[in-house]
Amino acid sequence: MLLDSNIIIYAAKPEHEHLRRLIAEKAPAVSSISYVEVLGYHRLEAHERQHFETFFGSARILPLSQSVLDQAVRLRQARKMSLGDALVAGTALAYELTLITRNEDDFSRIEGLSILNPFQG
């Protein structure tokens with residue numbers, strides 16, 4: 001399983017205990033893109049930054065390999081999508097992982113990509 005950036009952010013909020021349980025039970029990986037997207041947000045407060053730094057310090061962060069880059073290029077050639085989404089989806093495809101995201105619409109038409117929305121059902 002691969003966490004999308006939005007799930008990492010939601011999991012930090014007190015009302016989303018179910019996400020923290022999912023993360024603790026499944027120990028999903030994260031894309032290096034999510035590392036940049038989450039920690040690079042310019043409006044992070046100090047306590048938020050510390051929380052996310054701790055999270056990423058213990059997470060398995062998957063690198064941008066040539067396979068990930070090739071998948072992202074293929075996805076962007078096929079349809080319009082953001083660079084971040086293409087790299088996250090490319091990571092999930094290259095490592096054959098289910099993408100855990102709330103933003104299903106961003107990824108739903110990608111052939112071969114398995115998606116899990118923990119906010120449904």
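Helices (H or I, at least four residues) and strands (E, at least two) are DSSP runs, numbered from the N terminus. The model is predicted, with local features requiring pLDDT of at least 70 and side-chain atom pairs counting only at pLDDT 80 or more, while totals for chains, interfaces and linings use all residues. Residues are numbered from 1 along each chain as its sequence is written, and side-chain values use heavy atoms, with hydrogens and water left out.

First, select residues 66-78, which form helix H5, and find Ala72 within them. Ala72 counts as buried because its relative accessibility is 5%, buried meaning under 20% relative accessible area with a 1.4 Å probe and protein chains only.

Next, display the neighbours of Ala72. Leaving aside residues up to four places away in sequence, Ala72 touches Ala86, Leu87 and Gly90; a contact here means heavy atoms within 4.5 Å. Then select Ser108, 36 residues from Ala72 along the chain, and note that 15 Å separates the two C-alpha atoms.

Now show the chain as a cartoon. Seven helices and five strands are present, and from the N terminus they follow the order β-α-α-β-α-α-β-α-α-β-α-β.

Finally, view the chain as a whole. Its C-alpha atoms fill a box of roughly 40 × 30 × 20 Å along the principal axes. Of the 121 residues, 43% are buried. Among contacts with a separation of 6 or more, 57% link residues 24 or more positions apart.

Conventions. Buried means under 20% relative accessible area, exposed over 50%, partly exposed in between (1.4 Å probe, protein chains only).
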